[in-house]
Amino acid sequence: MIEKSNNQTAKERWALGSLILNSTLTVLKFIFAVFTGSLALMAEAVHSFSDLVASVVSLISVKLSAKKSSEYPYGLYKLENIASVVISFFLFFAAYEILREAFFSEREREIQHTELAIIVMIVAMISTFVYSRFELKAAKKLNSPALLADAQHIWADFMSSVVVIAGLIGTYMGYDLDRYAAAVVSLFVFYSGWEIFSSGMKVLLDVSLEKEEMEKIKKIIYSHPAVVDIKHIRGRVAGSFKFLDIELLLHNFSLRETHRIVDEIEKKIKEEIPNIDSVFIHYEPVRQKGLRIAFLVDENRSIKDFRTASQIVIVDISDEGKIQVNNPLEVQPDEKETGDILSKINVDIVVSANHPEEFEVRWKLARAGVMVWETEERDFEKALNEIVRSYNEFNKKVKEK
């Protein structure tokens with residue numbers, strides 16, 4: 001709990017640092033753009049403002065992660081997306097105005113004090129380069145997508161600073177490159193605006209999680225031996241946070257054991273997938289009635305143990321006592337492999353000459369809710385009759401109660 005709190009504090013500090021850096025650069029570039037008359041520097045000021053928007057969104061997303069109320073039980077995460085969509089239109093308009101001013105304005109622009117503009121941009125270039133590299137390192141360490149995205153925005157600001165510096169140096173040497181540098185930076189601004197707009201709209205429309213991320217979640221779920229199948233899985237994004245709705249088929253367990261299994265799956269998903277706010281898991285037993293038995297046998301249908309069995313014969317018994325013997329499943333005489341198969345094929349009882357010797361095998365079968373029935377019978381039919389007789393006696397006692 002203390003580690004989680006420390007991580008939260010670290011994320012907020014990096015987000016705040018980014019906010020301060022982008023605020024400073026935006027104001028600085030705007031002042032010197034007005035002072036020097038450089039259109040490229042003005043475009044870069046607008047681009048820094050777009051990074052400032054990203055920093056604000058990053059800080060809000062981190063701050064809102066713990067803010068919930070009875071009126072808004074799912075949090076206020078989408079506020080940042082609403083704000084980002086509105087601001088994106090401003091960025092589109094700014095990019096348009098820069099291009100219009102660069103190529104269609106009849107007003108002559110005279111750039112003064114070009115050397116000061118170059119110095120400002122060198123300072124901006126160095127600061128954005130250093131901060132983006134350190135923030136990227138922190139984002140990976142803290143497993144924070146919000147900080148990772150913010151670091152990438154600041155890196156884009158560094159790249160556009162290089163373009164502006166090249167344009168200003170060309171202007172200083174007597175070439176009219178300021179408008180072309182401004183045009184290139186305006187494309188950066190438009191791209192930033194589109195990125196902010198599209199991501200904001202996707203979240204407002206409850207976009208699903210990325211396909212790769214959904215596949216990773218499915219692998220996490222299927223790795224648990226108690227899971228038979230995933231009936232459906234849905235995920236959505238709100239702000240920087242993710243919500244999952246899952247319906248599972250599980251092996252037959254007690255209610256308490258099933259609840260523990262679901263908690264384990266939820267915990268593992270939250271550990272391996274960043275920014276998961278909540279995981280809702282609905283579960284149901286794979287079979288409500290009847291009994292499924294696996295007999296470990298050889299090719300002559302003689303009862304064997306986990307080490308020597310070459311076949312698994314599955315027998316289904318209905319509540320009415322109807323018996324269905326299925327075709328045998330061929331296996332290698334290997335205890336671990338046989339145990340692994342039995343933990344995944346949805347059986348209630350395994351009939352064997354002996355219990356498995358390997359602890360790992362016993363543990364997997366227990367986790368999958370599989371009971372091992374050790375029998376002295378070596379004939380398949382006699383072993384089957386032994387189970388059927390016990391099962392009928394049990395059902396009779398249940399009905400008498």
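Predicted model: local features only at pLDDT ≥ 70, side-chain atom pairs only at ≥ 80, totals over all residues.

Started with leucine 168. Leaving aside residues up to four places away in sequence, I find it touching Ser38, Thr114, Ala117, Ile118, Met121 and Asp178.

Next I looked up the largest nonpolar core, which has 23 residues. Leu168 is among the members that touch the most others, along with Val46, Met121, Val164, Ala182 and Val189. Which elements give two or more residues to this core? I get helices H2 (39–63), H3 (78–103), H4 (114–142), H5 (145–172) and H6 (178–204). H2 gives the most, with six residues.

Then I checked for another core. There is a second, separate one of 22 residues, and Ile230, Val237, Val262 and Ile269 are included in it.

Moved on to a helix pair, H9 (residues 335–342) and H10 (residues 359–367). Their axes come within 9 Å and cross at roughly 5 degrees. Angles under 35 degrees count as roughly parallel, so I log H9 as roughly parallel to H10. On the H9 side I list Glu335, Lys336, Gly339, Asp340 and Leu342; they meet Glu360, Val361, Lys364 and Leu365 in H10. By class, that contact has five charged, three nonpolar and one polar residue.

Last, the totals for the protein chain. I count eleven helices and nine strands. Of its 401 residues, 46% count as buried. Among contacts with a separation of 6 or more, 67% come from residues 24 or more positions apart. The chain exposes about 21800 Å², and carbon and sulfur atoms supply 59% of that.

Definitions and conventions
Residues numbered from 1 in each chain as written. Heavy atoms only, no water. Axes fitted to C-alpha atoms, helices over the stretch in contact; angles between N-to-C directions. Helix = DSSP H or I, 4+ residues; strand = E, 2+ residues; numbered from the N terminus. Parallel < 35°, antiparallel > 145°, perpendicular 65-115°, else oblique. Contact = heavy atoms within 4.5 Å. Nonpolar A, V, L, I, M, F, W, Y, C, P; charged D, E, K, R; others polar. Core = buried A, V, L, I, M, F, W, Y, C linked by side-chain atoms within 4.5 Å. Buried < 20%, exposed > 50% of the residue type's maximum accessible area, 1.4 Å probe, protein only. Areas by Shrake-Rupley, 256 points an atom, 1.4 Å probe, with all protein chains shown as cover.
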